[in-house]
Amino acid sequence: MPRPNLQLQVVHAPVLRYGLAAVSFAMTLGLALLAQHYGFRNVEVPLFLFAITVTVWYAGSGPAILAVVFSSLAFDYFFTEPRYTFYVTKSEIPYYAVFVLFALLLAWFAAVRHRVEAELLQARDRLEIEVTERTQQASLLNLTHDTIFVRDMSDVITYWNRGAQELYGWTAEEAIGKKSPQLLQTVFPASVDDILAELLRTDRWEGELRKTKADGTPVVVASRWSLRRDEQGRAVAILETNNDITERKRWEQEIQSLNQEIAKRSTELEAINKELEAFAYSVSHDLRAPLRHMAGYTELLQKRASSGLDEKSNHYITMMLESAKRMGNLIDDLLAFSRIGRAETQNTLVNLGQLVREALTEVRHDTEGRDIIWKIGTLPDFYGDRSMLRLVLVNLITNAIKFTRTRPQAEIEIGCAEGNGNELVVSVRDNGVGFDMKYVNKLFGVFQRLHPSDEFEGTGIGLATVQRIINRHGGKVWAEGAVDAGATFYFSAPRPQGQLWR
Amino acid sequence: MEIANSKLGRILMVEDDSKDVELTLTALEEYNLANEVVITRDGEQALDYLYCRGAYQTRSTGNPAVLLLDLKLPKVDGLEVLKQIKSDGELRMIPVVVLTSSKEEKDMVASYKLGVNAYVVKPVDFHEFVNAIKELGVFWAIINEPPPGSVRK
């Protein structure tokens, strides 16, 4: 920097300062005596004044007083009549006094000026240091991606960083000097007075603001304000940091609308479920009644008229009764099936071995007069709805008993094996009539049958029920078989964290 | 029903379906119980009968030995009738048998919560139906000792 460093030139040590006074005095005295010797008159006064000035400037007021005293004495001794004595003639007193006064005045002026100049320079130094720091801070603020700007208390922008330019599209030159709420078309979430009141109370404020970019694009920002106060505590400026949360807001809105959609869908589903329930109830009540009446009156007719009817007519009446009964069974099974879909499952840890024994007791009357070899392996505990799982086993075992009816000796095997990954598989195998694998997909459909009902009775809903229950437990059902070579039915369920199976 | 005005039966039947009424009466005839039956066709009539009001103002007093109650009824439904009977100090002792087409679990649970004495689902098969009605009639009207204040013959 080109300015002279006065701090270094001003002499501090007292010895040096008084030495400087002595040296400058001595040199001046020498010069004055030399001038006198060569016949120059009246040179001594300006020379002494110059020396005093130099001393006061560089060495301060103490040495300057000393210089004034020495100069006065030397002036008296060497340059006023009578010379070489300190005696001052009356006529010389004013002259001498003026010199001393002038010297003192000069010293005083020089001292004051020196002090003022030193203070000024110090102030300039401080200012420059501050400017440097501010510039560094400003360029640091420019480095961040955050949007930062400063405005004074009348909202006029005084600082605008690069992040602000990037977000809003206004350059610092365009923004500084403008009022920020107008420039950015700010929409506040609360009244501006309330916001300002909070800012003045706590020195900060945070909130979401809607603003508009230079190109007109709306933007939502998370805004943080900090109040800057001067040394007297007066609010002077607001530093505002903005983060663009437009995208986040959009996602939030999207999530909200998705949630609403889900809520709407689930209400719809609930309504549909209610409707289904009402339908099932109606089927249960209203469809069964006429069926009962048909069967009832047909039977009454049979009772009254059978003796007078021929064989064919009696056969017709029998068929009517059988059909009514079958329709009753179909309705019952269909209702039971629909109930499985609607019923709440109550999951507990179920011992499958125990459940198989219960199921075998339940189907006991189907096995009367039959020769069946049971092979029942070790079965695990299963986490699920006890009564539903029992229904699964009853259906599978009933099927196995039914479709081995043509065998002189039936073999039914119930076992369990490790499945893929985190699941176990339960199987029910028989040596019955089996089925053709090309119809395997039809097995689990509602009312689907692979045999004529004269041959093997049933409504065709048992395996559909099995599938529905196992699906509700998060598992799968499948079957393997061949015509006249038996069939195997499998069901699996996942083992969540080792809880489902043990 | 006109005959019901003065008649006091051992069995009060609440049934809106005339065919069900006919079939039930046919079943009860075998035990000569048909004459003991008073038929009401909806919940309101049933309550009128029990409280001796409306068309039944003139009937001789006394409670039936059993009430056979359908659930799906015009005006006042079966569950409402059951609720009123079981919350009335006088009537609550009358045995009530729900006799319905419905095998709905929620109806069954609601009936038992209200204090029903038996819950019977009408079988589709006529044999079973007749047997059920006959057994009900014999049990409640003959075998069972009815509460005090009921009709005894």
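In chain A, five strands make up an open sheet, ordered β2-β1-β5-β4-β3, and their pairing is antiparallel. Strands here are DSSP runs of E with at least two residues, helices are runs of H or I with at least four residues, and both are numbered from the N terminus. Two strands count as paired if DSSP finds at least two bridges between them. This is a predicted model, in which local features need pLDDT of at least 70, side-chain atom pairs count only at pLDDT 80 or more, and totals for chains, interfaces and linings use all residues. Residues are numbered from 1 along each chain as its sequence is written, while chains are lettered from A and ligands numbered from 1 in the order in which they are written.

**The sheet of chain A**

- β2 (157-160) and β3 (204-212) of chain A stand at the edges with a single partner strand each, so one side of each has no neighbour in the sheet.
- On average, neighbouring strands of this sheet are turned by 25 degrees against each other, direction ignored.
- Strand β1 (residues 147-152) of chain A is joined to β2(A) by three bridges, and the two run antiparallel.
- Within β2(A), Ile157(A) is the residue that stands opposite Arg151(A).
- Helix α9 (residues 192-202) of chain A packs on the sheet, where it touches β3, β4 (218-229) and β5 (235-244) of chain A, and its direction makes about 145 degrees with that of β3(A).
- For such angles, axes are lines fitted to C-alpha atoms (for helices, over the stretch in contact), and the values run from 0 to 180 degrees between N-to-C directions.

**Chain A as a whole**

- Chain A has 14 helices and twelve strands.
- Of its 502 residues, 23% count as buried; that label needs 20 or more other C-beta atoms within 10 Å of the residue's own, with 12 or fewer making it exposed, anything in between partly exposed, and C-beta atoms placed from the backbone.
- Taking contacts in chain A between residues at least 6 apart in sequence, 59% join residues at least 24 apart; a contact means that the C-beta atoms, placed from the backbone, lie within 7 Å.

- Leu352(A), Leu355(A), Val356(A) and Ala359(A) are the buried residues of helix α12 (residues 352-362) of chain A.
- These residues lie on the same side of α12(A), because they cover an arc of only 100 degrees around the axis; the arc is that of the directions from the helix axis to the C-beta atoms.
- The packing partners of the buried residues of α12(A) are β6 (347-351), β7 (372-376), β8 (381-385), α13, β9 (410-418) and β10 (423-430) of chain A.
- Leu396(A) belongs to helix α13 (residues 386-403) of chain A, and it counts as buried because it has 26 C-beta neighbours inside 10 Å.
- Leaving out residues up to four places away in sequence, Leu396(A) touches Val428(A), Val466(A) and Phe489(A).

**The sheet of chain B**

- Chain B also has an open sheet of five strands, in the order β2-β1-β3-β4-β5, with parallel pairing.
- Its edge strands, β2 (37-40) and β5 (118-121) of chain B, each pair on one side only.
- Strand β1 (residues 11-14) of chain B runs parallel to strand β3 (residues 66-69) of chain B, and four bridges join them.
- Among the residues of β3(B), Val66(B) is the bridge partner of Ile11(B).
- α5(B) lies across β1, β3, β4 (96-100) and β5 of chain B, at about 155 degrees to β3(B).

**Where the chains meet**

- The contact takes 15 residues from chain A and 15 residues from chain B.
- On the side of chain B that touches chain A, α1 (18-29) and α5 (126-143) of chain B each supply at least two residues.
- α1(B) gives the largest share of that side, four residues.
- By class, that side of chain B has eight charged, four nonpolar and three polar residues; Asp, Glu, Lys and Arg count as charged, Ala, Val, Leu, Ile, Met, Phe, Trp, Tyr, Cys and Pro as nonpolar, and the others, Gly among them, as polar.

**Confidence**

- The model scores ipTM 0.73 and pTM 0.51.
- Chain A averages a pLDDT of 85, with 96% of the residues scoring at least 70; pLDDT is the predictor's confidence in each residue, from 0 to 100.
- Chain B has a mean pLDDT of 82, and 92% of its residues reach 70 or more.

Note on methods
Contact = placed C-beta atoms within 7 Å.
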